[in-house]
Amino acid sequence: DSPRSPYTPALRACIPSLVRTPGGTMRCGQDDFHRVAAAKASVATALQGEALLPLQRAAASSGIDVAELGISELRHFVYRDHASNQYVAPGLAGQLAASCEHILTLYHDVHAHAHAVQPPHRVVYSSSGRGAALFLNTADYALYLALGPLCTKPAAMAASQRVLHWLKAERPAVLLEKQLAWP
């Protein structure tokens, strides 16, 4: 096992050796269904109580605070790295939790508009009385921004450049760039 393995010794003990392979893939035969089901139950039991709290906290908060980026118009963003197929987005907590549906609707609208033609548009800006959204799509990434209702397209483009600059500086902290070791 690698010292960087995401599994604790207790979790590793729950996974039967018949399903673990050196490459970290899972394999089993038809007759192993009940043993794998028991392993799943063991892992679920091991994750009960205090062992589950750090995972729940991590899922509830992405650790990214949009306010720390210093972009007054920015409400939320979603960044997708095409090469690694990973997403980066701040959590939807506080005031944003109440407007989650609105933000997702903004993202859906700009995505639908961008992909309504072939090839898809690279830049789509949309504004309504409740907010503005910007979608940027390049060979390397896709970026969605949810912005305040008074944000103009030039201000949205400037905000996107600041988000991209921040992402470039924080890339090792927000994207998994090294392959994880599995038991």
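I will take confidence first, then the sheet, the cores, and a few single residues.

This is a predicted model, in which local features need pLDDT of at least 70 and side-chain atom pairs count only at pLDDT 80 or more, while totals for chains, interfaces and linings use all residues. Residues are numbered from 1 along each chain as its sequence is written, and side-chain values use heavy atoms, with hydrogens and water left out.

On confidence: pLDDT is the predictor's confidence in each residue, from 0 to 100. The chain has a mean pLDDT of 76, and 66% of its residues reach 70 or more. For residues 1-7 the pLDDT is below 50, and this stretch has 14 contacts in the model beyond near neighbours in sequence. Residues 18-24 are also below 50, with 17 such contacts. Contact here means heavy atoms within 4.5 Å.

Now the sheet. Helices (H or I, at least four residues) and strands (E, at least two) are DSSP runs, numbered from the N terminus. Two strands pair if DSSP finds at least two bridges between them. The open sheet has 5 strands in the order S2-S1-S5-S4-S3, with antiparallel pairing. Strand S2 (86-88) and strand S3 (123-127) are at the edges with a single partner strand each, so one side of each has no neighbour in the sheet. From one strand to the next, the twist averages 10°. Angles run from 0 to 180 degrees between N-to-C directions, and axes are lines fitted to C-alpha atoms, for helices over the stretch in contact.

Strand S1 (residues 74-81) pairs with strand S5 (residues 141-147) over 7 bridges, in the antiparallel sense. Within S5, Tyr141 is the bridge partner of Asp81. Helix H5 (residues 100-114) packs on the sheet and touches S1, S3, strand S4 (132-137) and S5, its direction making about 135° with that of S5. Helix H6 (residues 153-174) also packs on the sheet, touching S1, S2, S3, S4 and S5, at about 125° to the direction of S5.

What about the cores? A nonpolar core is a set of buried Ala, Val, Leu, Ile, Met, Phe, Trp, Tyr and Cys residues joined through side-chain atoms within 4.5 Å. Buried means under 20% relative accessible area, exposed over 50%, and partly exposed in between (1.4 Å probe, protein chains only). The largest nonpolar core has 22 residues, and those touching the most other members include Leu74, Phe77, Leu143 and Val163. S1, S4, S5 and H6 each give two or more residues to this core. H6 gives the most, with 5 residues. Apart from this core lies another, of 12 residues, among them Val110 and Tyr144.

Next, single residues. Met157 lies in helix H6 and is partly exposed at 27% relative accessibility. Not counting residues up to four places away in sequence, Met157 touches Val123, Leu134 and Leu136. Gln86, in strand S2, is buried at 17%.

Last, charges. How many salt bridges are there? A salt bridge is a side-chain nitrogen of Lys or Arg within 4 Å of a carboxyl oxygen of Asp or Glu, and the count comes to 1. Asp81 pairs with Arg171, with the closest N and O atoms 3.2 Å apart. Asp81 lies in strand S1 and Arg171 in helix H6, so the pair ties together parts that are 90 residues apart in sequence. Asp81 is buried at 5% relative accessible area, whereas Arg171 is partly exposed at 28%.
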